[in-house]
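Dear colleague,

Please find below the structure that I am handing over to you. My notes on it follow directly after.

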Amino acid sequence: ENREAMLNSKSNRLTEALEEANRLFDGVCRAREAALDAQFLVIASNIGKEKASELHSEMSAFDSTAFAEDLLTFMGINRTEVEETDDSEDAPGGFLPSDAWQTMGEEATKYFRRAPTFHYMMGSFKSEPPVPKQRIERQKKASRGKAERAMPAQLKKMEESHQEATEKEVERILRILQTHFENDPNTPISFFDFVIDPNSFARTVENMFHVSFLIRDGLAKIKLDEDELPIIEPTKLSGRGDKDNRAGARNQVVISLDQKEWK
Amino acid sequence: QVSELVQFLLVKDQKKIPIKRTDMLKNVIREYRDAYAEIVDRAGRTLQQVFGLRLVEIDTKRHTYILINNLPRAEGEYLCRDKEKEKMGLLLVILSFIFMKGNSVKDSESSPKPPPMPHFSFAPPPLTPLFPGALWEFLNLLRVYPGKQHRVFGDVRKLVTDEFVRQKYLENTPIPLTDPPEFKYQWGPRAEKETSKKDVLNFVAKIQGKDPTFWASQYSEAEATP
């Protein structure tokens, strides 16, 4: 009771209470009263500790009211305008702008080593810990997502439409290759003749990119001819096509082409 | 297993609620319990090397973990949503207040005047305290009121006593033998890991346009704490 009164640093109430307790203790002869006395001591010592810590802060003169004022200033309070509203910023002494806490937050983030919250950029998954099977798929998507994290946010939208365009292109190129071979089954095409667009370096690179899908999926293959130049031909898909492809050698090759070479 | 755990931790960390070891065992490690320590170890290394994050155990009894940022704070853009930023602003203000006031402040809101206890008799003139030692009274000065819906923070009381406490930024513990029970606020283990007394003192100094050494005892305490 009257804890606040005792905490007042100017008050001697705590001392008085202790003295009174001392006096009362002489009259104690039952266990229950002794227990009460013990309780009192605990409370008194807590209060004593609080008082001491209040004194402590006073020694270092931390003025919380001034701190609050300075914080408001930092947040951009406008002290000249008189506000005439219903609103939550009702106190006299100024108008706090709506981005006040934004400003504060901007500064605050510098003081925390907070782990950025993890979100998928491609954002289509729910983030609950899933059933085991789904997790494997999520792994792949996650690693793709991570690699693209460096990309600015706008590209997100473009990527998605690109995927379909790519597949269409790949199909188109496959058809061209197949058509050529139907007409002329024994002449493989020179790889470079096939991909290079004499008018556009960018297109050339794109063509190579699409062709690489065909190779990866086993729909076409590249060999070296007698002159050690690469040629490309579609693979014959017989009934057991898949098995055959697996038996064949699958190699990874890196082809580089720069503008000078292309010219 | 390791990459599954890494992913699990990253997702769990979104809400900033500490992750329990039992959850890790149940959802990810399962059959590989014996290799648990090794898996966690490797996951920690991956998090550090790939993401620059540190996996820290904040409760060695209950085995709960948090992720913190290992990288030095970069100047400039910090990728963070607005809502998050505003909360961090409020949090920093609260943490500063607590530290400057000696590491512990009362939750003044939860202590109505207690009924007089019969054993001790005092003659009290009831003081009406403006208690700058207490948290909510300080926040009131910033136009933040526990009972009132705040334009930015909504239910502020909930944010402070519930969210910040669950995330372990703050700790709200009862003061012994108070009746009805009164509570005090202190820094939580996440706050201790994610920031430091020194940083916070620098913040206060910046806001008030003074040198941190102006507050001698807080300064020496801050220097003494790693």
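Two strands are taken as paired if DSSP finds at least two bridges between them. Strands themselves are DSSP runs of E with at least two residues, and helices are runs of H or I with at least four residues, both numbered from the N terminus. By this rule, strand β4 (residues 105–106) of chain B pairs with strand β8 (residues 183–187) of chain B in the antiparallel sense over 2 bridges. Within that pairing, B:Lys106 stands opposite B:Lys184 in β8(B).

The model is predicted: local features need pLDDT of at least 70, side-chain atom pairs count only at pLDDT 80 or more, and totals for chains, interfaces and linings use all residues. Residues are numbered from 1 along each chain as its sequence is written, chains are lettered from A and ligands numbered from 1 in the order in which they are written, and side-chain values use heavy atoms, with hydrogens and water left out.

Strand pairing

β8(B) also pairs with strand β7 (residues 170–174) of chain B, in the antiparallel sense and over 5 bridges. There, B:Glu171 faces B:Gln186 in β8(B) as its opposite residue.

In chain A, an open sheet of 3 strands runs in the order β1-β3-β2, with antiparallel pairing. Its edge strands are β1 (189–190) and β2 (220–224) of chain A, each of which pairs on one side only. β2(A) is joined to strand β3 (residues 230–234) of chain A by 5 bridges in the antiparallel sense, and A:Lys221 stands opposite A:Glu233 in β3(A).

Aromatic rings and charges

How many aromatic pairs does a search of the whole structure find over all chains? The search finds 10, where rings of Phe, Tyr and Trp (its six-membered ring) pair if their centres lie within 6.5 Å, and planes under 30 degrees apart count as stacked, over 60 as edge-to-face and the rest as tilted. The rings of A:Phe67 and B:Phe138 have centres 5.9 Å apart and planes at 10°, so this pair is stacked. The pair crosses between chains, from helix α4 (residues 64–74) of chain A to helix α5 (residues 135–141) of chain B. A:Phe67 counts as buried at 0% relative accessibility, and B:Phe138 counts as buried at 1%; buried means under 20% relative accessible area, exposed over 50%, and partly exposed in between (1.4 Å probe, protein chains only).

The rings of A:Trp101 and B:Phe153 have centres 5.1 Å apart and planes at 70°, so that pair is edge-to-face. Both A:Trp101 and B:Phe153 are buried. Ring pairs also link A:Phe62, A:Phe67, B:Phe97 and B:Phe138 into a cluster.

A charge sits over a ring if NZ of Lys or CZ of Arg is within 6 Å of the ring centre and within 35 degrees of the ring normal. B:Arg190 lies over the face of B:Tyr169, at 5.6 Å from the ring centre, and the charged end of B:Lys210 sits over the ring of B:Phe214, 4.9 Å from its centre.

A helix of chain B

In helix α3 (residues 36–51) of chain B, the buried residues include B:Ile39, B:Val40, B:Ala43 and B:Leu47. The face turned away from the buried side of α3(B) carries the exposed residues B:Ala37 and B:Gln49. α3(B) is followed by B:Gly52, whose phi is positive, near 70°.

With kind regards

Terms used: The expected span of a helix is 1.5 Å times one less than its number of residues.
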